Amino acid sequence: MIEPLCDAPSLNSVLPDAIFLQNLPSIVVGHVLNPQPGETVLDMCAAPGGKTTHLASLMHDKGVVMAVDKVASKISKVKTKASQLGLNCIQAYTYDSTQLHSNDVIKLNPDELGEPPYASDSFDKVLLDGPCSALGQRPQFTSRLSFKEAKSYPPLQKKLFSNAVALLKTNGTLVYSTCTITLAENEGLVEWALEQFPELRLDKQIPHLGGEGMPGTSLDQDHLKLLQRFDPVYTSEKETSHHYDTDTIGFFIAKFVKVNL
């Protein structure tokens, strides 16, 4: 591609203290989680901070947003972006989120949480936008990802997810998302989660702009309708697809609630 598709000017570096550019599915994620002012929210894999700052904005900067990432330089960027946007409810820490939950930590009040790790049932809402094979990123004509690398992601995602469930309060909301299109990292993870954690239920997503989940697991049609998949290849072949789920990056969103058994 050597010519732009439209005459719209670039918004890079325009009003950096007021605007953070995101693709459509990344924006949808925050609204699906629907954090409310005063809640305690965890962003488990927060860098570079776009979703973190969006969550804080949706909360009107009231409450607590814990932003965690295991790379210190990335957490520094999250802090910088939060400062640029004037958001004070964000606390950012460098930590490995596969070890974020600990049974040895005493449960504290939201304003006393501080540095990780955290006790069970500490958060009203959790966002797990975890590491993935990133095969949904566009434009991308080829990928250097090896098959061995691609297979390494589901075990890591399951470790992160297990921590997320432990940290989530009863009646709380957990949103899992990826920027990839593989079955194993998306619907396969949901299938595993529902089998592994009987206290979890899939919940309706608002807004639901993407297509439904992809067949290929034991999830039934009712489950698939509750999932949200932005996949330019898969959704473009369906009669129910819309322009906003075919002209985006590949992306996946699942929303869970934790019930009291």
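Trainee: What should I know before I start reading?

Mentor: The model is predicted, so local features need pLDDT of at least 70 and side-chain atom pairs count only at pLDDT 80 or more, while totals for chains, interfaces and linings use all residues. Residues are numbered from 1 along each chain as its sequence is written, and side-chain values use heavy atoms, with hydrogens and water left out.

Trainee: Which residues of the largest nonpolar core touch the most other members?

Mentor: In soluble globular proteins, nonpolar side chains tend to be buried together. A nonpolar core here is a set of buried Ala, Val, Leu, Ile, Met, Phe, Trp, Tyr and Cys residues joined through side-chain atoms within 4.5 Å. Buried means under 20% relative accessible area, exposed over 50%, and partly exposed in between, with a 1.4 Å probe and protein chains only. The largest core has 34 residues, and L42, M44, F161, L174 and F256 touch the most other members. Elements that each supply at least two residues include β2 (64–69), β4 (123–129), α4 (147–167), β5 (168–178) and β8 (251–258). Helix α4 gives the most, with five residues. Helices (H or I, at least four residues) and strands (E, at least two) are DSSP runs, numbered from the N terminus.

Trainee: What is L42 in contact with, leaving aside its neighbours within four places in sequence?

Mentor: Contact means heavy atoms within 4.5 Å. With those neighbours set aside, L42 touches M66, V68, L100, F123, K125, V126, L127 and L167. There is also a second, separate core of 26 residues, with V32, L55, I75 and L87 among them.

Trainee: How many aromatic pairs are there?

Mentor: A pair of aromatic rings is described by the distance of the centres and the angle of the planes. Rings of Phe, Tyr and Trp (its six-membered ring) pair if their centres lie within 6.5 Å; planes under 30 degrees apart count as stacked, over 60 as edge-to-face and the rest as tilted. The search of the whole structure finds six pairs. One of them joins F161 and F256 edge-to-face, at 5.3 Å centre to centre with 75° between the planes. This pair links distant parts of the chain, with F161 in helix α4 and F256 in strand β8, 95 residues apart. F161 has a relative accessible area of 0%, so F161 is buried, and F256 is likewise buried at 0%. W192 and F197 form another edge-to-face pair, 5.6 Å centre to centre and 85° between the planes; both residues are buried. Ring pairs link F161, Y176, W192, F197 and F256 into a cluster.

Trainee: Which residues of α1 are buried?

Mentor: An α-helix has 3.6 residues a turn, so residues three or four places apart point the same way. Helix α1 (residues 24–33) is mostly covered, with seven of its 10 residues buried. These are P25, S26, V28, V29, G30, V32 and L33. The buried residues pack against β1 (40–43), α2 (50–58), β4, β5, β7 (228–230) and β8.

Trainee: How much space lies in the largest pocket?

Mentor: Rolling a probe the size of a water molecule over the atoms shows where empty space is left. On a 1 Å grid over the protein atoms alone, a cavity is a set of points where a 1.4 Å probe fits but cannot get out, and a pocket is an open set with protein on both sides within 12 Å along at least five of seven lines; lining residues have an atom within 4 Å of a point. Grid points are joined across faces, edges and corners, and a volume is the space filled by probe spheres set on the points. The largest pocket holds about 790 Å³. Of its 34 lining residues, C45, A47, D129, G130 and P131 are the closest to its centre.

Trainee: What lines the largest cavity?

Mentor: That cavity has a volume of about 30 Å³. Its lining is V105, I106, K107, L108, L113, P117, Y118, A119 and S122.

Trainee: Which peptide bond at P117 is cis, and where is P117?

Mentor: The bond from P116 to P117 is cis, with omega near 5°, and P117 lies in the loop between β3 (90–94) and β4. The bond from I206 to P207 is also cis, with omega near 0°.

Trainee: Where is N34, and what is its phi?

Mentor: N34 is in the loop between α1 and β1, and its phi is near 55°, a positive value in a residue other than glycine. N34 counts as partly exposed because its relative accessibility is 40%.
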